[in-house]
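Notebook open, model loaded. I went through the side chains and jotted down what I looked up.

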Amino acid sequence: MSVGRKLNMAFYAVIALLCISVAISFYNLDRIKEKTEEAFGSVMEQINTIDEMLINTALQGLYARALVIENTDENHDYLLSYAAELDTNILNLKDMVNNDIMDGYWTELNDYNNEFNEIVEQLLSAIDKKDDALAQKLAKTDLQDSNNEIFKTATKMRDYQNEQLTIIEKETGNAITNSLVSSFIVLVISIIFSVILIIYIRK
């Protein structure tokens, strides 16, 4: 075989190795990008929304009790404001839910929130009628129970999303490791193949 043909074969072989190397790199980079976007996109967005929900849940409970103790416009407005913000959080979270587990948590959370809102209406009615006994009963039992269930469910949602974030971080780390290992293997093969080609061409 002529030297020219040997050089052509060597050239095409090197090009093939480069194509394989690039393809492997693009595949691994795509996986890393996918995991990163998942972690810092949907999951982090849900965690942030859930954190806001936990704050609004605590504050609506606080101002509901404050309103019973001291019936002021400020306590009244704060209660309705934080309750409305929580309603918005829950609606926004619905659009982010992307699996059956979170969907189940969301349904449970929404039911407790609707229950809380109904009790708030009863509480405001009792306060308007100056029925202090009923207002205190609602605030200390039904309303507090519903609010606690909202908080517990939101906490379960946050714990689940934190677990998902840990899994994604682990998968991203594995993808990076696989990318490095694949690149190293291709490099070693390229060096060995190049040495073989040099020996082959010199014959």
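I started with Asp103, which is partly exposed at a relative accessible area of 30%. My scale here: buried is under 20% relative accessible area, exposed is over 50%, and partly exposed is in between, with a 1.4 Å probe and protein chains only. This is a predicted model, so I took local features only at pLDDT of at least 70 and side-chain atom pairs only at pLDDT 80 or more, while totals for chains, interfaces and linings use all residues. Residues are numbered from 1 along each chain as its sequence is written, and side-chain values use heavy atoms, with hydrogens and water left out.

**Entry: salt bridges**

Which side chain does Asp103 meet in a salt bridge? I found Lys94, at 3.1 Å, N to O. The rule I used is a side-chain nitrogen of Lys or Arg within 4 Å of a carboxyl oxygen of Asp or Glu. Lys94 counts as partly exposed, at 35% relative accessibility.

I then looked at what else Lys94 does. Its charged end sits over the ring of Trp106, 4.6 Å from the ring centre. For that label, NZ of Lys or CZ of Arg has to be within 6 Å of the ring centre and within 35 degrees of the ring normal.

I counted 4 salt bridges in the structure. One of them joins Glu108 and Lys156, with the closest N and O atoms 3.5 Å apart. That pair links distant parts of the chain: Glu108 is in helix H3 (residues 100–128) and Lys156 is in helix H5, 48 residues apart. Helices are DSSP runs (H or I, at least four residues), as are strands (E, at least two), and they are numbered from the N terminus.

Another bridge runs between Glu149 and Lys152, where the closest N and O atoms are 3.9 Å apart. These two are 3 residues apart in helix H5, so about one helical turn separates them. Glu149 is partly exposed with a relative accessible area of 25%, and Lys152 is partly exposed at 49%.

I also checked Lys152 against Leu54. They are 98 residues apart in sequence, yet 9.1 Å apart in space, C-alpha to C-alpha.

**Entry: aromatic rings**

How many aromatic pairs are there? I got 3. Rings of Phe, Tyr and Trp (its six-membered ring) pair if their centres lie within 6.5 Å; planes under 30 degrees apart count as stacked, over 60 as edge-to-face and the rest as tilted.

The rings of Tyr63 and Tyr82 have centres 5.9 Å apart and planes at 15°, so I noted the pair as stacked. Tyr63 is in helix H1 and Tyr82 in helix H2 (residues 73–96), so the pair ties together parts 19 residues apart in sequence. Buried or exposed? Tyr63 counts as buried at 18% relative accessibility, and Tyr82 is buried with a relative accessible area of 18%.

Tyr82 has a second stacked partner in Tyr78, at 6.0 Å centre to centre and 15° between the planes. Tyr78 and Tyr82 both lie in helix H2, 4 residues apart, about one turn of the helix. Tyr78 is partly exposed, at 32% relative accessibility. Taken together, Tyr63, Tyr78 and Tyr82 form one aromatic cluster.

**Entry: Asn56**

What does Asn56 touch, leaving out residues up to four places away in sequence? I listed Tyr82, Glu85, Leu86 and Asn89, with contact meaning heavy atoms within 4.5 Å. Asn56 is buried, with a relative accessible area of 5%.

**Entry: surface patch**

Last, I looked for nonpolar surface. Val181, Phe184, Ile185, Leu187, Val188, Ile189, Ile191, Ile192 and Ile196 form a nonpolar patch, with about 810 Å² of accessible area together. Patch members need over 30% relative accessible area and no salt bridge; like charges are joined within 9 Å, nonpolar side chains (Val, Leu, Ile, Met, Phe, Trp, Tyr) within 5 Å. The areas come from the Shrake-Rupley method with a 1.4 Å probe, and for residues only the protein chains shown count as cover.

Val188 sits in helix H5 (residues 142–202) and is partly exposed, with a relative accessible area of 31%.
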